[in-house]
Amino acid sequence: MANVSVAAEWQLLINRYYRKPEIYQMRWKHIDLSRNKIACAPFGGPIAVIRDDSKIVQLYSESALRKLRIFNSAGVLLSETVWKHPGGRLIGMSWTEDQTLICIVQDGTIYRYNIHGECLDPNYSMGKECFEQNVIECVFWANGVVCLTEAGKLFCVMDFKEIKSFKLGDVGIEAEEELPHCMAVIDPQYIASGNVRVLLGIGEGIVIVDEDEVTHIEGEKVQGPVQKISVTRDGNWLACFMHDGRLVVMNMNFEALFQYQCESALPPEQMVWCAMDSVLLYWDDMLLLVGPSSEDSVRYIYDEPVFLIAECDGVRILSNTSMEFLQMVPDSTVSIFKIGSTSPASLLFDALDHFDRRSAKADENLRLIKSALPEAVEACIDAAGHEFDASRQQTLLRAASYGQAFSSNFERERIQEMSKTLRVLNAVRNPEIGIPLSIQQYKTLTAPVLIARLINAHQHLLSLRISEYLGMNQEVVIMHWACAKITASSAFQDAALLEILLDKLRLCKGISYAAVAAHADKSGRRKLAAMLVEHEPRSSKQVPLLLSIGEEDTALMKAIESGDTDLVYLVLFHIWQKRPALEFFGTIQARPLARDMFITYARCYKHEFLKDFFLSTGQLQEVAFLLWKESWERGRNPMASKGSPLHGPRIKLIEKSHNLFAETKENTFESKAAEEHAKLLRIQHELEVATKQAIFVDSSISDTIRTCIVLGNDKFASKVKTEFKVSEKRWYWLKVFALATVRNWDALEKFSREKRPPVGYRPFVEACIEADEKGEALKYIPKLADPGERAEAYARVGMAKEAADAASQAKDGELLGRLRMSFAQNTAASSLFDTLRDRLSFQGVP
Amino acid sequence: MAKVSQIPNLDNSPLNLRSLREQSQRELVNILKNVRGKKCLVIDPKLSGSLSLIIQTSVLMEYGVELRHLSADPLETDISKIVYLVRSQFELMKFISSQVHNDISKGLQREYHVYFVPRREVVCEKVLEEEKVHHLMTIGEYPLYMVPFDEDVISFELDCVNKEFQVDGDTSSLWHIAKAIHKLESFSGLIPNVRAKGRCSVRVADILTRMQTEEPVNSHDMGIPEINTVILLDREVDMVTPMCSQLTYEGLIDEFFHINNGSVELDASILGAQQQEGKKMKHPLNSSDKLFKETRDLNFEVVVQVLRQKATSMKEDYAEMTSTNQSVSELKDFVKKLNSLPEMTRHINLAQHLTTFTSKQSFLARLNMEHTIVEAESYDICFEHIEELIHKQEPLISVLRLLILFSVTNSGLPKKHFDYLRRELLHSYGFEHIATLNNLEKAGLLRKQESKSNWLTIKRALQLVVEDTDTANPNDISYVFSGYAPLSIRLVHHAIRSGWRPMEEILRLLPGPHSETKRGGFPHSASSESMSVAGGRVADGRRSLVLVVFIGGVTFAEIAALRFLSAQEGMAYDVMVATTKMISGNSLTESYVEKLG
């Protein structure tokens, strides 16, 4: 039976089963692992192979030049390149998380390759000390490395994205004999401090190096010397191979959990953790799987060299001819396929078999598991997920689907979901793609990262299909494709290539044409870039790019169209810097928004330059305004104001401004005003000299007159009046208020008698009332011509009866109402107004 | 005593303004979290007003913040991490630079972060570069594009949109406005109808369309959009209304005491608080205050009566309470009423204080003059009045305000008068005001008459002057100005009722172009011609929303008129107001003032 044959391939270790199905027959030819250095990325990543220069190997019909070759996990060649770097032997080689191959040579130089075998610029160095001391060993983790030098010093790079090497704490190794027997690191992300932790097997014990801190663990705890160390992924467990052939598993406090006595005291060539629960050791032609907390083990014999790749859920075993995956058999699979299993899932699987053979036993099986049906279905689905063989996946899913038909309460999407996942997995497991992800690895890696890896390997179509299938944003894929296409299509004409690109870019709404255009520009295809950027709808992306490809005028136009003044400024500053002033002026003068934004900025910051602009574009009045403005700045600046020449330069500026205004027809008013201003400053200056009081400059003409009168200097006041042709009306208001300010009531009265005031006596009344001089006010109120005004004035000095009389004379009902309001507190007065108002309305006067 | 918070309660808002505000809170908190440890937060003083409507100062303190206002003076603090929160303005860049230079000269090494509100701008960074401090800064953004002022009012807090656009040709604000509306759409769905009148408005509508193509609001996920129509209106279209004195309660408070960020600052004694003489006190004014919500939009004449009535009825209740035996529940009701007593006292005090201003003869004369100008039938009287104000050297702003009103209603002044008044202004207030005059001329607010005024036609066609306005039981928006119906709100009313089409002739008489756009494909929305009464319902029975955006600011009186409209029977929409700034005639006029000296 099929069930039996499945379980026959399993090995029992204590109470768990292990299996190691073959995933691929390697497609490569003549690769002998023993002759080569190998770097193999986890999560089904690529394999880098290069002839090992630390071994003496026989050359067959091949070049003496070494080649770095990169294969996928199925042994399909992805790329190859000749290795001819200086710096001594290649010491360490490993893939980073984003699938960059890191190669470290003896002198500490770090070379980086992408999956296409292209060496990435620049090279880095582990530092001067490394260079002098020679690197002898490298231990990598996902994104970093620790190097050991001949002098026993440790150097570390924390992150390959940002390569900065630094020295770790000194262990104090003096002689070559003291160099560590072995070394392991714990990924910083599992250490609370965020620093890397290095474990060294030195002497009889273990040394822990934590950045600057060095701790020695010796004696009872570790009965060394330790020959080989391996740490679990999460950094919680430690497997140590001792000099006497003991394998000791301990926790981070170095408390042993169990030990296993190996037959050989020779340290294994490789030692890795298989997930978190067992340790796999490799000696020449033998693999030994040692389980936890017991002395049991499983042994596999190989007649060819193998290379072990630790995964999160098992170990991949690479040999010259095949790729196998060693894992603990998942519980669901065990429950179905274990020999003699009577679990519901197993019965369900069996039922399907009977059903296919039209046997009535199918029904019997179903009845047996009735209540446990959902659980059985779930197990079948789960087991399907763990299979690499597509036909077995199908059979398991069919069993699940069969069971589901009889089960009412089961989440039906589970089967769909699993089918979807498996389709993706099977697609990438195809030997041509060669990414043999297990379902757990896929879930840990996540779909976006898988897609990113596919893109990186230039599998654009597949990644597009997968992202479409999973309902993910395709922008990343299309964008990368477009850029790769541009790089690869140097032979294409711009227009033809543009069509090809647009055809695909259209698939994705909101994709950044500007980013593609930027790439085109970087690849030296400026014209193509210009054509592409035309399609970018977002001005904020489009404009900067147009600038970078030298299309300033288009950029300016687009910026203005967008209405985003920030973009206008961006272009403006760019052009300003690039072009000579006159040309710059010409450019912006033609575009009002650009011009106005420039002026706004220049007003605050570039006065002189702004003047040049106005002059060159013939806007003399604007220059005049600027000069006039400057005149005040001169005035404010104490440095410029020394004694009488103080006003000299100021007045000169104003006069210049006056002349400029005079040159245009439209600005006669401003011209006249500037002229008057200059004159005023001169007179004010004279006044200050004459009165020895610095209170005139920069006050208005009216204020100057008032001040003169307040100071009792009528002569000067009159002079100012005549000089500036101040109207009689204004003169009266000013003089009256000024006299009231100094409470010179006699002078005021005298003034009122000079002649009939051109504005009547209202100024006199108002000034007196405001000064709270009722008696003075009464001198003028009767002289007010308008009875309404008179009424209001009387009301304001609180004379109700007189106010009422005047109001009735004015025959203004509304006024009466208002006056009544203001006398509301005064009962007698308000009744007076009521009577009057009644009389008015009786007469029919509004 | 339930103290009214300056941060308005937005629970009753027709839009989800709360989540908008919460987002702004979160963003600010994240900025503070990003800078670890104690930090000195230096805020642009203008922004601190906006922030007071977003987040309590105490919350900022929780994140180890020491608060300072940004000024030209050196920064005095012991803290080494400085976080500047500033609008993108040259002046502020200079302040920052000078503070940094000061630190350098003292040998202080500090960590500087500059967060631009609402976004970083090339031009400001350029200034920092020129001042050689740019490399010392970590630069970020705080995307605060709008601040909810009340349940139905949002402000973009842009100070001088009008002046910048009309005088400097600077359109930065327009992009900001479009961005804010676009952001609002990401909450409420794509707004299907866009109506615009005025140069700025039409441009904003254009930019809004561009933004939709550049970064589409996904309308399909959201169902029916909450906002059915946005009406964009330039202040420039109606410069008459803001220049008239507002006569609603809130409007008058603003005219006399200035409302800043939803609160008014007065002597504590005026508000009836038992505090030492001369101490200023902030009094929040928003709809969380029930009594204020009831009275804010009434004509002030009526407010006094309403308050008196309330006081009387409470007095009666009290009398009843002491004389007869009451049940417990009646007692409870009474106590509840008593709770509103402090509020009532405050408003009675405030109203009383206001009356001392409104009863002044000068104020009444001014109202009289405003009406005469708006009536536009007695040119000479108005001219002479203004001439006299200048001769008396009355405060410049109030003179200019009348003069603008006068010039706008007359489409400018005859050249002789124009030059004469300008000369008198310069003589009376100083030649430094030549720049102000130049600004006003460029903005078209005080200019030479070139053609006959069409104000009379507009006034008649839109019935702007209404005789016999009953301020107590109004039936028309003209109650807010005791007889003048604000032009802006008349336009909005027409736009809501029937769109622009039927009134194009009138629109053409007003400054700037107009546009009407339909966006997206909504089968449920009303036809573009008219939004029928039935068309305005959102699924859950709420009325759908019209967003009225005032570019260049709006007055409290206009908002009152809009609320009045929205409350009318037969009105199918709730109205939400967005403005670049809350303004009064004075603040609007001030924005054009530029002294050379």
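1. Let me begin with a loop in chain A. A:Ile14 sits between strand E1 (11-13) and strand E2 (16-19) of chain A, in the loop that links them. Its phi is near 55°, a positive value in a residue other than glycine. Please keep in mind that this is a predicted model. A:Ile14 has a relative accessible area of 33%, so it falls in the partly exposed class, between the 20% and 50% limits.

2. A:Asp698 is another residue to check for its backbone. It is not a glycine, yet its phi is positive, at about 75°. You will find A:Asp698 in the loop between helix H24 (668-691) and helix H25 (701-710) of chain A. With a relative accessibility of 37%, A:Asp698 also counts as partly exposed. As background, most residues other than glycine have a negative phi, and most peptide bonds are trans.

3. In chain A, the bond from A:Asp121 to A:Pro122 is cis, with omega near -15°. A:Pro122 belongs to strand E11 (residues 119-125) of chain A. In chain B, a cis peptide bond joins B:Val117 and B:Pro118, and here omega is about -5°. B:Pro118 lies in the loop between E4 and H5 of chain B.

4. Strand E4 deserves a look of its own. It covers residues 111-117 of chain B and contains B:His113. Is B:His113 buried or exposed? Its relative accessible area is 9%, which is under the 20% limit, so B:His113 counts as buried. Leaving aside residues up to four places away in sequence, B:His113 touches B:Val35, B:Ile82, B:Val83, B:Tyr84 and B:Thr138. Its side chain also makes a polar contact of 2.8 Å with the side chain of B:Glu111. B:Ile96 is 17 residues from B:His113 in sequence, and their C-alpha atoms are 11 Å apart.

5. Now to the interface. The size of an interface is often given as the accessible area lost when the parts come together. For chain B and chain A that buried area is about 4500 Å², with 54% of it on carbon and sulfur atoms. On the chain B side, B:His427, B:Phe431 and B:Leu596 lose the most area to chain A, together 15% of what that side buries. In terms of contacts, 49 residues of chain B meet 50 residues of chain A.

6. In one of them, A:Asp564 pairs with B:Arg119, and their closest N and O atoms are 2.5 Å apart. Several helices of chain B supply at least two residues each to the side that touches chain A, including helix H4 (90-105), helix H5 (122-130) and helix H18 (415-429). Which helix gives the largest share of that side? The answer is H18(B), with nine residues. By residue class, the side of chain B that touches chain A has 13 nonpolar, 12 polar and 24 charged residues.

7. Next, the packing. The largest nonpolar core holds 319 residues, and A:Leu532, A:Phe598, A:Trp628 and B:Ile253 touch the most other members. Helix H27 (residues 728-741) of chain A gives the most to this core, with nine residues. Among the residues that A:Trp628 touches are A:Ile654, A:Phe661 and A:His677, together with B:Phe431, B:Ile434 and B:Leu596 from chain B. A second, separate core has 37 residues, and B:Met146, B:Trp175, B:Ala178 and B:Val202 are among them.

8. Finally, why is helix H29 (residues 762-770) of chain A described as largely enclosed by the rest of the structure? Seven of its nine residues are buried, so the description follows from that count. The buried ones are A:Pro763, A:Phe764, A:Val765, A:Glu766, A:Ala767, A:Cys768 and A:Ile769. Their cover includes H27, helix H28 (745-754), helix H30 (774-780) and helix H31 (787-796) of chain A. Just after H29(A), A:Asp772 has a positive phi of about 65°.

Key: Residues are numbered from 1 along each chain as its sequence is written. Chains are lettered from A and ligands numbered from 1 in the order in which they are written. This is a predicted model: local features need pLDDT of at least 70, side-chain atom pairs count only at pLDDT 80 or more; totals for chains, interfaces and linings use all residues. Side-chain values use heavy atoms; hydrogens and water are left out. Contact means heavy atoms within 4.5 Å. Buried area is the accessible area (1.4 Å probe) that two parts lose on being put together, summed over both. A salt bridge is a side-chain nitrogen of Lys or Arg within 4 Å of a carboxyl oxygen of Asp or Glu. Helices (H or I, at least four residues) and strands (E, at least two) are DSSP runs, numbered from the N terminus. Ala, Val, Leu, Ile, Met, Phe, Trp, Tyr, Cys and Pro count as nonpolar, Asp, Glu, Lys and Arg as charged, and the others, Gly among them, as polar. A nonpolar core is a set of buried Ala, Val, Leu, Ile, Met, Phe, Trp, Tyr and Cys residues joined through side-chain atoms within 4.5 Å. Buried means under 20% relative accessible area, exposed over 50%, partly exposed in between (1.4 Å probe, protein chains only). A polar contact is a pair of N or O atoms within 3.5 Å; within protein, one must be able to donate a hydrogen and the other to accept it, and residues adjacent in sequence count only if both atoms are side-chain atoms.
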